[in-house]
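Open the model in your viewer and keep the sequence panel beside it. This tour moves from one selection to the next.

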Amino acid sequence: MHYANIREEELKNKVAQDYFWLLDCTQIIGNVDFCVSLHNSKPELDIPPLLWAEAKKGMADIQKSISQLILTIGKARTFDKSLPPAFLGAFDAEKIAFVPYSEISDVFYQNDFNWKVTPSNHDTREFKLIHTKVQHTLDEQALIFYFGKDDKELHYFIKHNFIAGKYGINKTRIDKNNFMVIYNKWLTAVKPTIQADWELAKKAGIIDGDFYLADLLSEENTTLKDKLFVLLKTDTYHLDRKLNESGMFVTTSTGFTDKQKAHNQFWNIYERPPKEEYWDYIIGRRDLLVPQDVRERKGSFFTPQIWVELSQKYLADTLGEDWQDEYYIWDCAAGTGNLLAGLTNKNNIFASTLDKQDVDVMHDRIRNGANLWENQVFQFDFLNDSFDKLPKSLKKIIDDPEKRKKLVIYINPPYAEHGNRTTIIAKGEHKTSVSTTSKVYDNFNNIVGTATRELFAQFFLRVYKDISDSILATFSTLKLINSQNFFKFRQYFKAEYKRGFICKADSFDNVNGKFPICFSIWDLSNKKDIIKIDADIILHNINNNIFWKESIKPIHSFGKDDFISGWLRKFYDKGNNIIAYLILPGVDMQQQSGVYITSSPTESDVKQHKLTNITKNNLFIMSIYLTVRQCIEHTWINNQDQFLFPNNGWEKDFEFQNDCLAFALFHGQNKITTKGGTNHFIPFTEQEINAQERFESSFMTDFIKGKLKQNTTSDVFGNVTKAGTTPLEFSAEATAVFDAGRELWKYYHKSINHINTSLNKKPNANASLYDIREYFQGRGEKGRMNTKSEDEIYTKLVADLRETLKVLAKKIEVKVYEYGFLKG
């Protein structure tokens, strides 16, 4: 509830202050709870009020509240003593409702009605009569707004209707900028009341967005656009219209589970239909209304016009300025056809899509001027259907070896895969039916392996096999070129890369994440191994919709044994005492946040074998691994860069090794905590940081001083004083990190020596860096560590530490590329 746990008088004050602050809410008229009027500087003028409302704390039945208000007004004959308001209403802690007074006024003039009952007694015969009499009117005419959720619409309603001399109601107008916001509200308010099995409907190609469009493009609950897949006629939706043998239309229809009550209440606050100038745009953006799982399967992701235009420029630069006259174009994942906007020679353009509704949208756009031929826009399941189903003109091109070389497959294909990111982090389910049920998957799974789980790869494979020697111009991720899972794919798919660009993925509608989308052009007639491509980096200013070329991004492909995981595996140690664990997900930059050191791995990490032991024998190696994975900032440009099996240069670079140890000890991804057991990662002695008690482990300082022999099975967790290796020498940059860290540890121990027990903070002399951060920053309601601390001294000390780490990271970054952990 927006106004939870407050009394009724406070509720009225808050509603007045939050929503009616420009109006006069101080008047008391009869026994009405809440009155709103214009400010009147001339008392001699009798200005009618704007609202009389019933107020209820907590949650209340709005219709019963308005019925009570009517009894209150009728009992006191308030309508005879004061000019009636423009609206009657009611509100509680969650919502507010309005109904025009003129729609209710007849109820006050009933003959033989007993108005003398107590209005708040909802069990009287009179209350029930009033409630029954106005219920239908309220179902049809009431405008209900939820506080918080509908604030924008509520403020608009008040601003445009609570004015002097107002006639009629101004409702929130719908345009191309807000129709998606309203759709999301429609999903929760109206969709649940439509009589439909949505899973069955989805399989038949019907989406809830089609019902929304039928509602949106309606006047008086009658859809005005007859080419839509679903039409609303008063209280019934009509869909799947077909001609029978007699030439008569037959339709499937459905209605509402609540006699259209929620539907009427929802649409009462919006002006329908939008201006006609927006209709084609809204229908053309049906892709935005497609549910996420269907979008992933069918590829209903709208390609922004800025990238459409740039991709066509790259095609012209590659194939020649007359390419549209000299080449044929087929978008076999066309959606509603926006990728083809701007192309001029419709004789050479073909468009197909899995979804009949999208074909209908394109045909409707053609009738409104889109530059396509209707008979060259068709329904086709590219991953399953035989080419015998293609239009004869397109089939002829594909069957002719010379013409096929002049066919451009120009697509932004769907990207869904068998296991999405949520699956990888063990929070989701494998989407087994999304990408593993097509004929292309069956035909290629044994040839190219796991790459077939990606739908865009299935499109590439069918084009490569069945439309050989054509030109493939496509949007996709970079997995084709550099992913581990695409090694077998690259062995099969051989083509000449011509040119391309990368842009930020979240510039596409409803695509989240910091990763690049690549537009690339491939000549399938020239069979070449994919070793490296250079793509232009295109930056985009979303505010003024301009773009510019920043630089060139080299993207390398790799063999199955080229990755850093193979290098790390050589140093696994299962024979010595474990001091911590290294968590290691995938080997690309996007997995950066999942790489960390911990003393208490999760059950999921153990079950999925995503960890390895850290011991005294491999501490340097594990520190190097963590450091090279964390020292370079993750950006959308490097998101899919792969970490690699390095050359041998690092082995004799002891300064680099020591730098990495220093970085790993003090970086935020060192999540060692005493809650997971003994902390072996304290990088200082008790004397250095003025600790008041002895640490449980001196492992790390002994290691740094060279007191621990490696390659031994002896116990290293006690007071080991055996001489072995020489003390470690740190660079100036690493020493600065230790110095900043020492000051932080000192301040922590000083703080716990003067602890205020009322803060509920328990002193912990063995605290790790993670424990110290938790101590000063605390945790929020959901259990996550806060990002800031109220302690100004701590804030400065931890900021100083992070600055020294940045300097060290820049130094290490050079070595990361020099030793081949990454390729530039």
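Select threonine 353. With a relative accessible area of 4%, this threonine is under the 20% cut-off and therefore buried. The model is a predicted one. Threonine 353 belongs to strand S14, residues 349-353. Now display its surroundings. Leaving aside residues up to four places away in sequence, threonine 353 touches Ala334, Gly335, Asp358, Val359, Met362, Phe378, Gln379 and Phe380.

**The whole chain**

Zoom out and colour by secondary structure. The protein has 31 helices and 24 strands. It has 824 residues, and 54% of them count as buried. Take the contacts with a separation of 6 or more: 67% of them are between residues 24 or more positions apart.

**Helix H2**

Select residues 62-76, which make up helix H2. How far apart are its end C-alpha atoms? They are 21 Å apart, and this agrees with the 21 Å that its 15 residues should span at 1.5 Å a residue. Colour by accessibility next. H2 is mostly covered, with 13 of its 15 residues buried.

Go to the N-terminal end of H2. Aspartate 61 caps it. A side-chain oxygen of aspartate 61 lies 3.0 Å from the backbone nitrogen of glutamine 63. Then move to the residue that follows H2. This is arginine 77, and its phi is positive, near 50 degrees.

**Helix H26**

Select residues 619-630 for helix H26. From first C-alpha to last, its 12 residues reach 16 Å, close to the expected 16 Å. How many of its residues are buried? The count is 12 of 12. Show the side chains. The buried residues include Phe620, Met622, Tyr625 and Leu626, and also Arg629 and Gln630.

**Salt bridges**

The structure holds 41 salt bridges.

Select lysine 479 and glutamate 454. Their side chains meet in a salt bridge, 2.6 Å from N to O. The pair links distant parts of the chain, 25 residues apart. Lysine 479 is in helix H22 (residues 479-482), while glutamate 454 is in the loop between helix H20 (439-448) and helix H21 (455-466). Are these two residues buried or exposed? Both lysine 479 and glutamate 454 are buried.

Next, select lysine 811 and aspartate 659. Their closest N and O atoms are 2.9 Å apart, in a salt bridge. Lysine 811 lies in helix H31 (residues 792-818) and aspartate 659 in helix H27 (residues 654-666), so this pair ties together parts 152 residues apart in sequence. Lysine 811 is partly exposed, with a relative accessible area of 24%. Aspartate 659 is buried, at 2%.

Move to lysine 532 and aspartate 534. This salt bridge has its closest N and O atoms 3.7 Å apart. Lysine 532 counts as partly exposed, at 44% relative accessibility. Aspartate 534 also counts as partly exposed, at 39%.

Finish this stop with a larger selection. Which residues join in a network of salt bridges? Pick Lys313, Asp317, Arg499, Asp536 and Lys549.

**Aromatic rings**

Show the rings of Phe, Tyr and Trp. A search of the whole structure finds 73 aromatic pairs. Select phenylalanine 145 and phenylalanine 157 from among them. This pair is tilted, with 5.4 Å from centre to centre and 40 degrees between the planes. Phenylalanine 145 sits in strand S5 (residues 143-146) and phenylalanine 157 in helix H6 (residues 151-161), so the pair ties together parts 12 residues apart in sequence. Phenylalanine 145 is buried, with a relative accessible area of 0%. Phenylalanine 157 counts as buried too, at 2%.

Now select Phe444, Phe456, Phe460, Tyr464, Phe486, Phe489, Tyr492, Phe493, Tyr497 and Trp522. Ring pairs link these residues into a cluster.

**Charges over rings**

Two selections remain. Pick lysine 191 with tryptophan 198. The charged end of lysine 191 sits over the tryptophan 198 ring, 4.9 Å from its centre. Then pick arginine 462 with phenylalanine 382. Here the charged end of arginine 462 sits over the ring of phenylalanine 382, 5.5 Å from the ring centre.

Conventions
Residues numbered from 1 in each chain as written. Predicted model: local features only at pLDDT ≥ 70, side-chain atom pairs only at ≥ 80, totals over all residues. Heavy atoms only, no water. Salt bridge = Lys/Arg side-chain N within 4 Å of Asp/Glu carboxyl O. Helix = DSSP H or I, 4+ residues; strand = E, 2+ residues; numbered from the N terminus. Buried < 20%, exposed > 50% of the residue type's maximum accessible area, 1.4 Å probe, protein only. Contact = heavy atoms within 4.5 Å. Phe/Tyr/Trp six-rings, centres within 6.5 Å; stacked < 30°, edge-to-face > 60°. Lys NZ or Arg CZ within 6 Å of the ring centre and 35° of its normal. Expected span 1.5 Å × (residues − 1). Polar contact = N/O pair within 3.5 Å; in protein donor to acceptor, adjacent residues only side chain to side chain.
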